[in-house]
Amino acid sequence: PHSMSLHRLQRRILKRALELLRPGGVVVYSTCSLNPVECEGVVASVIEEVGGVGSGGGGDSGSGDGAAIEIVPLHENLTKKCRPMRGVSTWKVPHPQYGKNENYAMYDAFDDVPTEHQG
């Protein structure tokens with residue numbers, strides 16, 4: 001449904017932030033949605049597209065292993081008043097017509113989503 005179009009928009013926002021990022025810079029990505037298609041799905045798909053996550057220590061991203069992105073813990077100043085939580089690692093994607101005409105189909109994997117509805 002609407003979450004698929006927001007997924008595409010959020011991907012464009014995150015990808016553009018990474019394009020504008022200077023070496024050693026930081027992008028803080030946050031959404032106001034509880035829908036993993038708009039949150040974890042965005043992060044996971046962009047990380048995969050740009051070359052994966054590094055382990056820390058050098059290179060363009062500071063990862064030292066040639067990966068494009070390094071994920072680091074939030075600074076304690078950002079976590080004093082709100083406790084970060086781990087995101088989900090699996091979720092189902094609703095059919096674009098979910099809830100209409102008795103359609104309650106869900107996809108188990110992004111590859112199962114019809115190409116015209118993928119971000």
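1. A salt bridge is defined here as a side-chain nitrogen of Lys or Arg within 4 Å of a carboxyl oxygen of Asp or Glu. By this criterion the structure holds four salt bridges. This is a predicted model, in which local features need pLDDT of at least 70 and side-chain atom pairs count only at pLDDT 80 or more, while totals for chains, interfaces and linings use all residues. Residues are numbered from 1 along each chain as its sequence is written, and side-chain values use heavy atoms, with hydrogens and water left out.

2. Overall architecture. The protein chain has three helices and two strands, in the order α-α-α-β-β along the sequence. Helices (H or I, at least four residues) and strands (E, at least two) are DSSP runs, numbered from the N terminus. Of the 119 residues, 24% count as buried; buried means under 20% relative accessible area, exposed over 50%, and partly exposed in between (1.4 Å probe, protein chains only).

3. Glutamate 49 and arginine 11 meet through their side chains in a salt bridge of 2.4 Å, N to O. The pair links distant parts of the chain, with glutamate 49 in helix α2 and arginine 11 in helix α1, 38 residues apart. Arginine 11 is buried, at a relative accessible area of 9%, whereas glutamate 49 is partly exposed at 43%.

4. The pair within α1. Arginine 16 forms a salt bridge with glutamate 19 (3.1 Å, N to O). Both residues lie in helix α1, three residues apart, about one turn of the helix. Arginine 16 is partly exposed at 46% relative accessibility, and glutamate 19 is exposed at 54%.

5. The pair around the strands. In the salt bridge between lysine 92 and aspartate 108, the closest N and O atoms are 2.2 Å apart. Lysine 92 belongs to the loop between α3 and β1 and aspartate 108 to the segment after β2, so this pair ties together parts 16 residues apart in sequence. Lysine 92 is partly exposed, with a relative accessible area of 48%; aspartate 108 is exposed, with 54%.

6. Most residues other than glycine have a negative phi. Asparagine 101, however, has a positive phi of about 55 degrees, and phi of glutamate 102 is near 65 degrees. Asparagine 101 is exposed at 77% relative accessibility, and glutamate 102 is exposed at 69%.

7. The largest pocket. Its volume is about 2000 Å³. On a 1 Å grid over the protein atoms alone, a pocket is an open set of points where a 1.4 Å probe fits, with protein on both sides within 12 Å along at least five of seven lines; lining residues have an atom within 4 Å of a point. Grid points are joined across faces, edges and corners, and the volume is the space filled by probe spheres set on the points. Of the 44 lining residues, the closest to the centre are Tyr29, Val43, Ile71, Val72 and Leu74. Helix α2 (40-50) gives the most to the lining, with six residues.

8. Isoleucine 71. This residue is found in the loop between α2 and α3 and is exposed, with a relative accessible area of 55%. Isoleucine 71 and valine 27 are 44 residues apart in sequence and 9.6 Å apart in space, C-alpha to C-alpha.
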